[in-house]
Amino acid sequence: MKIAVVGASGAVGQEFLRVFGERNFKFDDMVLFGSARSAGRTYSFGGKDYVVKELKHNDDFAGVDIAFVSAGGGVSKEFAETITKHGAVMIDNSSAFRMDSDVPLVVPEVNAADALVRPRGIIANPNCTTILLVVVLNPIERLSHIRRVRVSTYQAASGAGSAAMDELVNQCRQSVSREETTVSKFPYQLAFNLIPQVDVFKDNDYTKEEMKMFDETRKIMHSDVRVSATCVRVPVMRAHSESVWIETEAPLDVEAVRQALAAAPGVVLCDVPAEKKYPMPLFMSGADPVSVGRIRRDIADDCGLTLWLCGDQIKKGAALNAVQIAEWLIENDPALKNR
């Protein structure tokens with residue numbers, strides 16, 4: 001088994017290496033790729049040093065079985081054919097191919113088998129907020145079909161990359177010192193502030209991030225569910241949170257929902273309000289599962305539920321989900337399971 005990581009020096013690329021180690025992901029050889037600026041950097045893994053190669057249009061992917069790609073949509077589109085032409089499975093973390101009809105969009109806890117049908121050799125990793133949401137929606141969908149979801153997200157600086165996290169730290173220091181804050185990665189200062197915009201606005205006044213949640217949820221769940229989202233950037237370093245309102249076809253017993261979520265793969269229940277136990281990004285940073293709590297009946301809707309969830313954007317929202325796709329393929333895809 002030979003793997004490749006494209007975008008190895010970025011926040012998600014580095015998280016890939018950590019997840020490989022934590023999950024004891026088995027491979028015989030690994031190649032790291034990056035931009036001309038990153039080429040030549042050395043990273044250690046499993047007692048061996050790996051030097052980052054510059055990503056080029058050549059035959060460097062010959063012999064690669066699985067390529068984990070997290071270098072931005074432009075790079076993914078430009079290099080997809082180069083990466084897959086020798087038979088590598090490309091697990092892409094960008095938005096470049098997510099809504100293409102011939103590219104599966106996969107969250108293993110929900111629709112793992114979709115990964116087997118990939119005519120272009122590409123599997124898309126969904127948007128981070130969508131991943132966290134559908135892991136929680138799926139066990140509820142099994143109890144009663146979900147008709148509508150309304151969600152407000154509280155998205156950490158990590159969603160904009162390592163430079164954005166550095167900027168938040170610097171802005172906090174500058175604000176406390178009463179210095180002028182440096183603003184680069186976001187439209188406004190994020191420290192001690194909330195920004196009700198993640199990504200660019202579209203013609204319908206929803207942002208691109210918000211429309212991803214609508215479109216991607218339907219594709220992953222093979223559902224006609226309608227999702228209305230408001231995505232907000234918050235001054236949290238790592239781990240996204242979501243406040244979710246769910247309308248099902250039939251009324252659901254709240255305790256049955258708790259039991260279904262507690263038994264669901266990739267979910268951990270944290271729901272004891274009387275003891276002030278509920279999910280928070282402070283405790284979910286670096287964690288694998290999605291934590292869910294504040295589960296209650298929606299007093300404004302007889303068929304409604306409302307809940308709160310948190311999950312690590314870089315981990316389950318990106319690197320971990322991609323590695324779980326690879327693990328599932330190795331176990332279930334005849335083309336890979338015997339490697």
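User: What do buried, partly exposed and exposed mean here?

Analyst: Buried means under 20% relative accessible area, exposed means over 50%, and partly exposed lies in between. This is a predicted model. Take Asp288 as the case: its relative accessibility is 31%, so Asp288 counts as partly exposed.

User: Which side chain does Asp288 meet in a salt bridge?

Analyst: A salt bridge calls for a side-chain nitrogen of Lys or Arg within 4 Å of a carboxyl oxygen of Asp or Glu. The partner of Asp288 is Arg23, at 3.9 Å from N to O. The two come from distant parts of the chain, 265 residues apart: Asp288 sits in the loop between α8 and β13, and Arg23 in helix α1. With a relative accessible area of 30%, Arg23 is partly exposed.

User: Which residues are linked in a network of salt bridges?

Analyst: The network takes in Glu22, Arg23, Asp288, Lys315 and Glu327. By the same rule, the count for the model comes to 22 salt bridges.

User: Are Arg118 and Asp333 buried or exposed?

Analyst: Both residues are buried. Their side chains meet in a salt bridge with an N to O distance of 2.6 Å. Arg118 belongs to the loop between α3 and β8, while Asp333 belongs to the segment after α9, so this pair ties together parts 215 residues apart in sequence.

User: How do I read strand pairing, and how many bridges join β9 and β11?

Analyst: Look at the sense in which two strands pair, then at which residues stand opposite each other. Strand β9 covers residues 146-155 and strand β11 covers residues 240-248; they pair in the antiparallel sense over eight bridges. Within this pairing, Val149 is opposite Ile246 of β11.

User: In which sense do β9 and β10 pair, parallel or antiparallel?

Analyst: Strand β10, residues 226-233, pairs with β9 in the parallel sense, over eight bridges. Here Thr153 is opposite Cys231 of β10.

User: Which side chain does Glu247 meet in a salt bridge?

Analyst: Glu247 meets Arg148, at 2.9 Å from N to O. Glu247 is in strand β11 and Arg148 in strand β9, so the pair ties together parts 99 residues apart in sequence.

User: Is Glu247 buried or exposed, and what of Arg148?

Analyst: Glu247 has a relative accessible area of 13%, so Glu247 is buried. Arg148 has 29%, so Arg148 is partly exposed.

Notes:
Residues numbered from 1 in each chain as written. Predicted model: local features only at pLDDT ≥ 70, side-chain atom pairs only at ≥ 80, totals over all residues. Heavy atoms only, no water. Pairing = 2+ DSSP bridges. Helix = DSSP H or I, 4+ residues; strand = E, 2+ residues; numbered from the N terminus. Buried < 20%, exposed > 50% of the residue type's maximum accessible area, 1.4 Å probe, protein only.
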